[in-house]
Amino acid sequence: MNSVKRILGLLILSAVLLFVGETNLRKATYAQMTDHGSTTDPGETTQAKIARAMSAGPTDIAKSANIVDTDARGNTVVLREGNNGFTCMPGNPKVVGESPMCVDAPSMQWFADAKAHKPKPTNTVPGITYMLAGATQRSDSDPHDMTSMPIEVGPHWMIMWPFDPKTTGLPTTHKPTGAYIMYAGSPYANLHIMGRP
């Protein structure tokens, strides 16, 4: 009986440590993810930002997600606490590449690594990113392109993992339906699936 109690105690302790570790990872990554900050109209209400952030994800995910924003100084602002491991951001509709999005912890790490220009993303499992309100971006081939003309992308979701077009047979060019690999050939390759899940 004592060994069962000991095992249960270790399982509970492991779960607590895992939760604390994930929370700390999320907090550390929030600080690095200022690309999707708002700095929009200072008169915009918190409720409007929350609604825009939630528009990026499926309703059942967005309703329980953390909602975070970035203030004019680049500081992370929590607009609403969540509890499902996803974070939604309102973005800035006036800036290309700062569209509303909902991401899980591995995707948060992927975006932080891309922003920091790391040689490759450090997430160890695939991440899920939702951009169901649509998006704008500069390139389908270069994750660091800041100068090309904007590309409009309809509602989509992504799997943040280095997919290889040679082994998957998936296309590498933008398309309005189906799936394609964005940033193919780079460590930041990821799978775009057009439409809603």
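The following exercises, each with a worked solution, concern the predicted model of a protein chain shown above.

**Exercise 1. Overall description**

Determine how many helices and strands the protein chain has, and what percentage of its residues count as buried.

Solution. 
Step 1. Begin with the secondary structure: the protein chain has five helices and ten strands.
Step 2. Turn to burial: 42% of the 197 residues count as buried.
Step 3. Consider the surface. The accessible surface of the protein chain is about 10,500 Å², and carbon and sulfur atoms hold 61% of it.
Step 4. Consider the contacts along the chain. Among contacts with a separation of 6 or more, 56% involve residues 24 or more positions apart.

**Exercise 2. Bridges between strands**

For the pairs S3 and S4, S5 and S8, S8 and S10, and S9 and S10, find how many bridges join the strands.

Solution. 
Step 1. Strand S3 (residues 87-89) and strand S4 (residues 101-103) run antiparallel and are joined by three bridges. Within this pair, Met-89 stands opposite Met-101.
Step 2. Strand S5 (residues 127-131) runs antiparallel to S8, with five bridges between them. Here Thr-129 has Met-158 of S8 as its bridge partner.
Step 3. S8 is also joined to S10 by four bridges, and the two run antiparallel. His-156 stands opposite Met-194 of S10.
Step 4. S9 and S10 are antiparallel as well, with four bridges. In S10, His-192 stands opposite Tyr-180.

**Exercise 3. Two covered strands**

Decide which residues lie on each side of S8 and of S10, and whether these residues are buried or exposed.

Solution. 
Step 1. A residue is buried if its relative accessible area is under 20%.
Step 2. In S8, His-156, Met-158 and Met-160 lie on one side, with Trp-157 and Ile-159 on the other, and all are buried.
Step 3. In S10, Asn-190, His-192 and Met-194 form one side and Leu-191 and Ile-193 the other, and all of these are buried.
Step 4. Conclude that both faces are covered in S8 and likewise in S10.

**Exercise 4. The nonpolar cores**

Identify the residues with the most contacts inside the largest nonpolar core.

Solution. 
Step 1. The largest nonpolar core has 20 residues, and Ile-67, Cys-88, Tyr-130, Leu-191 and Ile-193 have the most contacts inside it.
Step 2. Trace the contributors: H2, helix H3 (59-62), strand S8 (156-160), S9 and strand S10 (190-194) each supply at least two residues of this core.
Step 3. Examine one member. Beyond residues up to four places away in sequence, Ile-193 touches His-156, Trp-157, Ile-159, Gly-178 and Ala-179.
Step 4. A second, separate core has 18 residues, including Met-89, Val-103, Ala-114 and Met-182.

**Exercise 5. An enclosed helix**

Explain why helix H4 (residues 105-115) is described as largely enclosed by the rest of the structure.

Solution. 
Step 1. Count the buried residues: ten of the eleven residues of H4 are buried, so the helix is largely enclosed.
Step 2. Name some of them: the buried residues include Met-108, Trp-110, Phe-111 and Asp-113.
Step 3. Inspect the start of H4, where a side-chain oxygen of Asp-104 comes to within 3.0 Å of the backbone nitrogen of Ser-107.
Step 4. Inspect what follows H4: His-117 has a positive phi, near 55°.

Notes
Residues numbered from 1 in each chain as written. Predicted model: local features only at pLDDT ≥ 70, side-chain atom pairs only at ≥ 80, totals over all residues. Heavy atoms only, no water. Pairing = 2+ DSSP bridges. Core = buried A, V, L, I, M, F, W, Y, C linked by side-chain atoms within 4.5 Å. Buried < 20%, exposed > 50% of the residue type's maximum accessible area, 1.4 Å probe, protein only. Contact = heavy atoms within 4.5 Å. Polar contact = N/O pair within 3.5 Å; in protein donor to acceptor, adjacent residues only side chain to side chain. Areas by Shrake-Rupley, 256 points an atom, 1.4 Å probe, with all protein chains shown as cover.
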